[in-house]
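Biologist: I would like to learn how to read a model of this kind, one feature at a time. Could you take me through it?

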Amino acid sequence: MNRKNFLSSVLGLGVMGPAFATTQSRHNAKTSSRSTTSTRGAALLPPSPPKVQPLLIPPYLKPGDSIGITCPAGDITLKEIQPAVQQIESWGFHVKVGDTVGKKDFIFGGADAERLADFQQMLSDPSISAILCARGGYGAVHLIDQLDFSPLYQHPKWVIGFSDITVILCHLHTNLNIASIHSKMCNSFPDDWAKAEPVQIASIFSIRQALTGEKMNYTVPPQDHNRLGSAHGQLIGGNLKTIETLAGTHSDIDTAGTILFVEDTGEYLYSIDRMFWHLQRTGKLDRLAGLIVGGFKVKPDDPGEEYGRSLYDIVTERIKPYSFPVCFDFPVGHQKENYALKYGMPHTLDIRTDQVNLLEI
């Protein structure tokens with residue numbers, strides 16, 4: 001990747017206009033007709049919301065606003081979040097550290113009830129403008145159907161994270177059509193900034209750019225396996241394995257007319273192939289506007305169990321029946337080059353022979 005060109009595009013972002021905007025959501029009839037009242041095993045939402053809701057964009061942050069840090073999934077210590085706390089405060093924001101930071105219940109940041117209460121408190125606190133998930137790991141699915149997201153209708157706020165937090169981002173998009181931010185979390189902030197690579201620093205600073213209302217505009221070099229073309233639509237997606245596990249649930253995503261981005265880590269090639277088959281068999285590729293393939297850290301094949309196909313081979317085979325544009329190696333995922341994306345916001349994806357551009361519109 002030509003890092004110099006990419007970093008210059010990141011640092012040259014423009015300024016966002018109004019804090020609120022509306023657009024029609026693209027929920028299909030199945031998603032729109034789901035019950036959103038408080039029932040056992042279903043998310044807690046206000047009774048009888050409109051079947052088609054306008055896109056809700058939380059207010060962009062200004063100096064003095066507060067960002068809450070909580071652990072809805074994996075655990076992290078207070079010491080480990082200090083680099084993130086110090087950096088966020090240097091941006092002019094206040095930090096409210098949740099009760100789950102420092103708690104540990106095996107792999108989780110506290111027991112389910114503790115993580116639920118902490119995240120709910122931040123959802124309900126009108127003084128908190130954004131919620132930064134401390135890390136991914138696993139555990140958000142334990143909470144998602146018990147959380148009451150109705151406070152976001154009166155006090156919208158940004159939810160920030162990726163990996164396992166894909167559960168929450170997808171759920172917010174499907175049920176509230178509220179924008180969020182897919183980006184690095186606290187465990188990605190370096191202890192020593194002097195030793196951090198430029199792309200890591202730029203990725204972290206893109207979080208501030210997204211939170212303060214700059215329009216995200218990323219330009220990356222072309223890739224030989226790309227399929228040329230242009231697409232317009234809401235940008236949705238996240239961790240591919242997590243998206244697969246949400247199929248048929250209240251958090252499932254409708255991809256019709258959207259630009260879908262996917263990434264993953266620690267998966268065998270045959271498992272990645274199965275996930276792309278799943279996208280096809282569940283209809284998520286049928287009416288897609290565009291596809292962004294981010295970083296995939298592939299688990300090496302076991303000796304004697306070689307799959308014999310690359311990631312490019314797998315994706316290229318699955319997209320043959322369709323005509324939407326596709327780009328590979330976009331800097332999003334479990335890697336240092338993991339730039340902030342405004343989940344649910346309208347974007348344009350332009351894939352040409354000389355470059356790829358993803359522009360928030």
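Biologist: Is aspartate 125 buried or exposed?

Modeller: Keep in mind that this is a predicted model. Burial is read from relative accessible area, with under 20% counted as buried. Aspartate 125 has a relative accessible area of 15%, so it is buried.

Biologist: Which side chain does aspartate 125 meet in a salt bridge?

Modeller: Its partner is lysine 96, with 3.5 Å from N to O. Lysine 96 is partly exposed, at a relative accessible area of 31%.

Biologist: How many salt bridges does the whole structure hold?

Modeller: The search finds 12. One of them joins aspartate 252 to lysine 284, where the closest N and O atoms are 3.0 Å apart. That pair links distant parts of the chain: aspartate 252 belongs to the loop between helix H9 (240-245) and S10, lysine 284 to the loop between H10 and S11, and they are 32 residues apart. Aspartate 252 is buried at 11% relative accessible area, and lysine 284 is buried at 5%.

Biologist: What does glutamate 360 form with lysine 342?

Modeller: A salt bridge, with 3.1 Å between the closest N and O atoms. Glutamate 360 lies in strand S15 and lysine 342 in strand S13 (residues 341-343), 18 residues apart. Both residues are buried. Salt bridges can also share partners, as they do in the network of Asp350, Arg352 and Asp354.

Biologist: Now the sheet. In what order do the strands of the open sheet lie?

Modeller: There are 7 strands, in the order S8-S15-S14-S9-S10-S11-S12, with mixed pairing. Strand S8 (217-220) and strand S12 (326-327) are at the edges with a single partner strand each, so one side of each has no neighbour in the sheet.

Biologist: Which strands in it pair in the antiparallel sense, and which run parallel?

Modeller: An antiparallel case is S14 (residues 346-351) with S15 (residues 356-360), over 5 bridges. There, threonine 348 has leucine 359 of S15 as its bridge partner. A parallel case is S10 (residues 259-267) with S11, joined by 7 bridges. Phenylalanine 261 stands opposite isoleucine 292 in S11.

Biologist: Why is S11 called largely enclosed?

Modeller: Burial can be counted along a strand. In S11, 7 of the 9 residues are buried, so the rest of the structure largely encloses this strand. As a general point, side chains in a regular strand alternate between the two faces of the sheet.

Biologist: Which residues of helix H11 are buried?

Modeller: In H11 (residues 311-318) they are Leu311, Ile314, Val315 and Arg318. Viewed down the helix axis, they fall within an arc of 90°, so they line one face of H11. Their cover includes helix H10 (269-281) and strand S11 (290-298).

Biologist: And on the surface, which residues form a nonpolar patch?

Modeller: Phe106, Ile107, Tyr138 and Val141 do, with about 440 Å² of accessible area together. Isoleucine 107 is in the loop between strand S3 (94-97) and helix H4 (112-124).

Biologist: What are the totals for the protein?

Modeller: It has 11 helices and 15 strands, and 57% of its 361 residues are buried.

Technical notes:
Residues are numbered from 1 along each chain as its sequence is written. This is a predicted model: local features need pLDDT of at least 70, side-chain atom pairs count only at pLDDT 80 or more; totals for chains, interfaces and linings use all residues. Side-chain values use heavy atoms; hydrogens and water are left out. Helices (H or I, at least four residues) and strands (E, at least two) are DSSP runs, numbered from the N terminus. Buried means under 20% relative accessible area, exposed over 50%, partly exposed in between (1.4 Å probe, protein chains only). The arc is that of the directions from the helix axis to the C-beta atoms. Contact means heavy atoms within 4.5 Å. Patches are made of residues with over 30% relative accessible area and no salt bridge: like charges are joined within 9 Å, nonpolar side chains (Val, Leu, Ile, Met, Phe, Trp, Tyr) within 5 Å. Accessible areas come from the Shrake-Rupley method with a 1.4 Å probe; for residues, only the protein chains shown count as cover. A salt bridge is a side-chain nitrogen of Lys or Arg within 4 Å of a carboxyl oxygen of Asp or Glu. Two strands pair if DSSP finds at least two bridges between them.
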